Amino acid sequence: MLRFQNFRLDGRIALVTGAAQGMGLAFSEILALNGAGVAMWDVKGLTLKTALATMLAKGYRVASYAVDVSKADEVNAAVKKIEADLGPVDILVNNAGILRRTDFRNITQEEWKLVNAVNVDGAFNCCKALIDGMIERKRGKIINISSSAGRSTSTFGGAHYTTSKAALLGLTRHLAREVARYRINVNAVCPGSIDTPMVQRAASQKEIEEAIEKIPMGRLGRAEDVANLILFLASDASSYITGASIDINAGELMV
Ligand code: NAD
């Protein structure tokens with residue numbers, strides 16, 4: 001029998017990395033708005049505190065943790081704290097990411113490692129810390145925030161950024177195949193150009209206007225546009241989707 005689902009997440013616990021601002025904050029809010037308890041992680045302690053206060057003032061069930069996702073020991077310790085504070089994690093959104101604009105010839109070993117440590121190792125560390133529990137409970141949703149960069153090349157970032165976002169798509173597919181039998185869905189989301197502090201920092205107003213000219217729908221994306229997709233992927237309504245890389249870019253990249 002075909003059962004139609006709604007997007008409610010009551011009783012679920014979600015972990016969103018890079019949750020202090022930009023898309024991560026919007027993802028945290030939409031998940032909380034739909035009933036989930038949300039653990040918000042970020043390296044920016046102060047910004048995270050402000051974000052937490054806003055979320056608490058709206059009456060959401062949220063907690064924040066200062067965590068650098070590139071450090072496995074910090075990730076493992078913080079997962080234990082979430083389990084004690086909120087309960088076991090059902091939904092993981094690997095959103096924390098950094099972008100560097102450097103041309104290939106000027107990328108140093110250090111910068112290459114840094115971008116990949118946050119964008120790729122960070123997602124690996126979080127998946128590793130949570131996967132056993134998800135397998136045990138036979139339920140889980142993992143959503144990796146890749147980028148159009150991972151499907152093509154980055155508009156503003158360098159080769160290290162593009163490489164890291166492509167790597168996330170490989171991790172998504174492979175992990176999805178291994179854990180599908182435990183009813184765990186692993187998917188990647190590939191946003192185009194979204195109006196967040198990352199883009200505002202990386203590009204000048206003129207460059208942003210030039211980028212908008214290449215977007216068929218004629219505007220940058222908003223964090224909320226992507227948040228709606230995250231809610232769908234976190235909900236039971238997406239239970240037959242796994243290993244997918246889902247584009248959300250207003251027609252900027254059609255593949
Ligand atoms: P943002 O810079 O506004 O927010 C990213 C957050 O991640 C920040 O709060 C930052 O402090 C946090 N973070 C960075 N390193 C961290 C670490 N080591 N541990 C924990 N947290 C860390 O960026 P955004 O635009 O909201 O991007 C969110 C995600 O979406 C990123 O992975 C980014 O690569 C991806 N993305 C962004 C765009 C875009 O156009 N904005 C497009 C495609 C993909």
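**The enclosed cavity**

The largest cavity has a volume of about 50 Å³, and this figure, like the others below, refers to a predicted model. When the whole structure is searched, one cavity of 30 Å³ or more is found.

Its lining is made up of Thr17, Val69, Asn94, Asn95, Ala96, Val118, Asn119, Gly122, Ala123, Ile145 and Leu168. Helix 4 provides the largest share of the lining of this largest cavity, namely four residues. Sorted by class, the lining of the largest cavity holds six nonpolar and five polar residues, with no charged residues.

**The largest pocket**

The largest pocket has a volume of about 1000 Å³ and is lined by 47 residues, among which Gly97, Ile98, Leu99, Tyr161 and Met198 lie nearest its centre. The class count for the lining of the largest pocket is 21 nonpolar, 18 polar and eight charged residues.

Several elements each supply at least two residues of this lining: helix 1 (22-33), strand 2 (37-42), helix 4 (109-137), helix 5 (148-151), helix 6 (159-179) and helix 7 (197-202). Of these, helix 7 gives the most to the lining of the largest pocket, with five residues.

**The second largest pocket**

For the second largest pocket the volume is about 440 Å³. The residues lining the second largest pocket number 21, and Lys141, Asn185, Asp236, Ser239 and Tyr240 are the closest to its centre.

Strand 5 (140-145) and strand 6 (184-191) each contribute at least two residues to the lining of the second largest pocket. By class, the lining of the second largest pocket divides into eight nonpolar, five polar and eight charged residues.

**The cysteines**

With a disulfide taken as a pair of cysteine sulfur atoms within 2.5 Å, the count comes to zero disulfides. Cys126 is in no disulfide, and the nearest cysteine sulfur, that of Cys127, is 7.1 Å away. Cys126 is also buried, its relative accessible area being 1%.

Conventions. Residues numbered from 1 in each chain as written. Predicted model: local features only at pLDDT ≥ 70, side-chain atom pairs only at ≥ 80, totals over all residues. Heavy atoms only, no water. 1 Å grid on protein atoms, 1.4 Å probe; cavity = no way out; pocket = protein on both sides within 12 Å on 5 of 7 lines; lining within 4 Å. Points joined across faces, edges and corners; volume = space filled by probe spheres on them. Nonpolar A, V, L, I, M, F, W, Y, C, P; charged D, E, K, R; others polar. Buried < 20%, exposed > 50% of the residue type's maximum accessible area, 1.4 Å probe, protein only.
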